[in-house]
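Take a slow walk through this model with the viewer open. Find each place as it is named.

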Amino acid sequence: MLTRGGERSPPRFADGPGTFRMPELSRNYLQCGRFRLPVSGDAFRPLVMGILNVTPDSFSDGGRFDGLELALSHAEQMIADGVDIVDIGGESTRPGAPPVSAEEELRRVMPVVYALRDCGKPLSVDTRRPLVMREVLAAGADMINDIEGFRDPASLAAVSDGDCAICIMHMQGEPQSMQQAPQYGDVFAEVRDFLRERVARAQAAGISADRICIDPGYGFGKTVAHNLKLLAWQQELQQAIGFPLLAGLSRKSTIGQLTGKPVEQRMAGSVGAALVAAMNGAQIVRVHDVAETVDALKVWDAARRAR
Ligand code: 9MG
């Protein structure tokens, strides 16, 4: 299949999806602020990023964690359950969600960052606002997860100094309208080319390769068919770019459409999706259900090591 740049989509590995290959990365670790997380080599096992929404209408927890106390007890539980990274978000990214001001986002997120910064786990903040990025990094955050892929030059400038990790995600459109009519010629090639270009820009802005991870952005301007194609080809995507890959499918509408389940009954489907993502080359999975995902990944990791 020819892509716009004339490059062919890579052929699927002969042994098919689900046959794990150790990623070819220039470094065995992701530099994540105060932490170095193994992403390849003997010490590697898939990392679990736990979602800590601090929005009143959070995507799938019905706003139960909008208070500081509830957010902290949720984080404590995730840590007890074996989380590797805590991802704090103060703006809902679900399709159709209205944007919030930077001030409101800071009001939601900052107390949580201050309260958790010595919890022993890397803190990621999911934000697309340069002001929020600067403030949370100054307060001790280790990673910035930007659903806009750092397209705003001010966002790149906000993260270029220091040693925080960055997650560059692909999204077609804006959260408010992205699911209205997503369209691609070749979704694999378009996502790959976008991520490659953004990685190059990040490196040109002075961000070293060991601080960067990529994300196909499941559900962000993509139909179920687009998401499935990316998931099936995800290992090839990771290897085509050569950076650790983060996959977030937890409780998303694709899981709902595949299982026929409402959001509050998507745990098993989400654990299955995280497992498929890890088997297809994700180094990090972003999930709501930490304990269940950790257990599922332990089983797969043990089996892959026995081979
Ligand atoms: C904030 N957020 C919601 N879904 C996400 C996903 O799939 N990846 C990343 N990096 N962030 C996400």
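The charged end of Arg304 sits over the ring of Trp300, 5.6 Å from the ring centre. Such a charge counts as over a ring if NZ of Lys or CZ of Arg is within 6 Å of the ring centre and within 35 degrees of the ring normal. Arg36 does this too: Arg36 lies over the face of Tyr29, at 4.1 Å from the ring centre.

The model is predicted: local features need pLDDT of at least 70, side-chain atom pairs count only at pLDDT 80 or more, and totals for chains, interfaces and linings use all residues. Residues are numbered from 1 along each chain as its sequence is written, and side-chain values use heavy atoms, leaving out hydrogens and water.

Now turn to the ligand. Which residues are around the ligand? Among them are Thr93, Asp126, Asp215, Gly248, Lys252 and Arg286. A residue is near a molecule if one of its heavy atoms lies within 4 Å of it. By class, the shell has 5 nonpolar, 3 polar and 4 charged residues. Here Ala, Val, Leu, Ile, Met, Phe, Trp, Tyr, Cys and Pro count as nonpolar, Asp, Glu, Lys and Arg as charged, and the others, Gly among them, as polar.

Look at the polar contacts next (pairs of N or O atoms within 3.5 Å; within protein, one must be able to donate a hydrogen and the other to accept it, and residues adjacent in sequence count only if both atoms are side-chain atoms). A polar side-chain atom of Asp215 lies 2.5 Å from a nitrogen atom of the ligand. Gly248 uses a polar backbone atom, 3.2 Å from a ligand oxygen. Taken alone, the ligand exposes 310 Å², and the protein buries 97% of that. These areas come from the Shrake-Rupley method with a 1.4 Å probe.

Finish in the loops. Helices (H or I, at least four residues) and strands (E, at least two) are DSSP runs, numbered from the N terminus. Ser92 lies between strand S4 (85–89) and helix H2 (102–116). A polar atom of the Ser92 side chain lies 3.4 Å from the backbone nitrogen of Arg94. Is Ser92 buried or exposed? Ser92 is buried, because its relative accessible area is 10%; buried means under 20%, exposed over 50%, partly exposed in between (1.4 Å probe, protein chains only).

Phe150 has a positive phi of about 55° although it is not a glycine. Phe150 is buried, with a relative accessible area of 0%.
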